[in-house]
Amino acid sequence: MVKRLQRARIRSVGTARNYQERLVQIAARLDVPLAALTQERAVAYLRGRAARVGQKTLDMERQAIQAMMVDVTGRMPPGARLPVVKSARPHRPRPRAYSPAQVRAVAARQDARNALATEIAHASGIRAHELLTLGRPGEQPPDDRRERSHLTGTAAEGMKFAGRDGVVYTVVGKGGLVREVLLPRRLAGRLEDRRRNVPVLVVDRGVRYLQRYDVGGGQAFSASFSGASVEALGKSRGAHGLRYGYAHARMRELMHHAEHRLALAIVSEELGHLRPSITTRYLI
């Protein structure tokens with residue numbers, strides 16, 4: 001299923017894998033094979049799920065079914081979309097951001113390579129799998145984001161990383177998009193101490209990455225972080241909470257340089273979000 005979805009129109013291996021995982025779960029709940037699923041049955045299934053799951057889960061299931069029906073089974077024509085079904089469950093967002101003190105407490109309970117990864121993720125806002133892709137701009141050039149940048153033509157253009165000093169690296173984000181990230185010099189020095197003589201190919205959740213630095217990343221890093229967080233704080237908000245922490249810290253910094261709307265656009269650009277509205281969810 002993953003390969004068939006990729007051959008169709010889904011560029012990201014990770015997205016195709018997530019869709020497959022959802023479809024396996026959906027198939028177990030249906031009384032018909034996935035190949036026989038019609039648009040009407042799909043909508044009925046989603047409406048039935050609306051009382052049981054939140055909006056994020058409901059949207060992911062809708063997108064997975066839609067991709068399958070358009071690109072694999074052909075039950076829907078190209079460009080067709082399933083209607084958005086609203087969840088009946090109230091959304092109660094919980095704070096996920098880790099403070100600097102909490103990050104230090106968690107890192108103190110990890111081994112060296114995962115502790116460094118925790119500090120890097122908090123200081124740069126990169127995702128767990130992006131830690132596996134860290135590289136120098138000369139060896140992994142960033143994609144030209146000017147046309148899709150939130151900052152192009154605004155008063156905030158050229159303000160990415162404003163107010164911060166450090167060393168620029170690049171990471172491979174969602175959809176294979178390569179973007180620049182900034183690491184504090186103290187962390188960049190420690191990262192370079194762990195540079196591999198020869199890059200190695202690693203596989204994380206079915207996706208291949210070329211790893212140039214011996215630091216934690218991906219699913220193994222997430223597990224290390226969650227375990228250390230429970231040990232240090234009695235609970236875990238997940239490694240993604242490090243990105244939330246970065247968003248909070250950067251917004252506080254940037255409010256000294258730009259109004260809220262522009263500050264939000266800058267943080268969104270730094271996090272690799274396609275829309276500033278996504279970043280807004282990180283500021284709860």
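Start by selecting Arg205, which is partly exposed, with a relative accessible area of 35% (buried means under 20% relative accessible area, exposed over 50%, partly exposed in between, with a 1.4 Å probe and protein chains only). Before going on, note that this is a predicted model, in which local features need pLDDT of at least 70, side-chain atom pairs count only at pLDDT 80 or more, and totals for chains, interfaces and linings use all residues. Residues are numbered from 1 along each chain as its sequence is written, and side-chain values use heavy atoms, with hydrogens and water left out.

Arg205 sits in the loop between strand E3 (195-204) and strand E4 (207-213); helices (H or I, at least four residues) and strands (E, at least two) are DSSP runs, numbered from the N terminus. Its phi is near 50°, a positive value in a residue other than glycine.

Which side chain reaches the backbone oxygen of Arg205? Select Arg17: its side chain comes to that oxygen at 2.6 Å. Arg17 belongs to helix H2 and is buried, with a relative accessible area of 13%.

## Along H2 to H4

Now show H2 (residues 13-29) together with helix H4 (residues 55-71). They pack at an angle of about 95°, with their axes 9 Å apart; axes are lines fitted to C-alpha atoms, for helices over the stretch in contact, and angles run from 0 to 180 degrees between N-to-C directions. That makes H2 roughly perpendicular to H4 (65 to 115 degrees; under 35 is roughly parallel, over 145 roughly antiparallel and the rest oblique).

To see the contact (heavy atoms within 4.5 Å), select Tyr19, Arg22, Leu23, Ile26 and Arg29 in H2, which meet residues of H4 including Met60, Glu61, Ala64 and Met68. By class, this contact has eight nonpolar, two polar and three charged residues. Ala, Val, Leu, Ile, Met, Phe, Trp, Tyr, Cys and Pro count as nonpolar, Asp, Glu, Lys and Arg as charged, and the others, Gly among them, as polar.

Stay with H4 for a moment. Its buried residues include Leu58, Asp59, Arg62 and Val70.

## A second crossing

Next, select helix H6 (residues 112-124) and helix H8 (residues 218-233), which pack at an angle of about 90° with their axes 10 Å apart. H6 and H8 are therefore roughly perpendicular to each other. Asn114, Ala117 and Thr118 of H6 make the contact with Phe221, Ser224 and Phe225 of H8. Those residues divide into three nonpolar, three polar and no charged.

## Two stops in H9

Go to Arg250 in helix H9 (residues 241-254). Is Arg250 buried or exposed? Arg250 is buried, with a relative accessible area of 0%. Its side chain makes a polar contact with the side chain of Glu253 (2.6 Å); a polar contact is a pair of N or O atoms within 3.5 Å, and within protein, one must be able to donate a hydrogen and the other to accept it, while residues adjacent in sequence count only if both atoms are side-chain atoms.

Leaving aside neighbours within four places in sequence, Arg250 is in contact with residues including Phe161 and Glu270. Click on Phe161, in the loop between H6 and strand E1 (167-172). Phe161 has a positive phi of about 65° although it is not a glycine, and at 11% relative accessibility it counts as buried.

Finish at Tyr244, also in H9 and buried, with a relative accessible area of 12%. Tyr244 and Ala97 are 147 residues apart in sequence and 4.5 Å apart in space, C-alpha to C-alpha.
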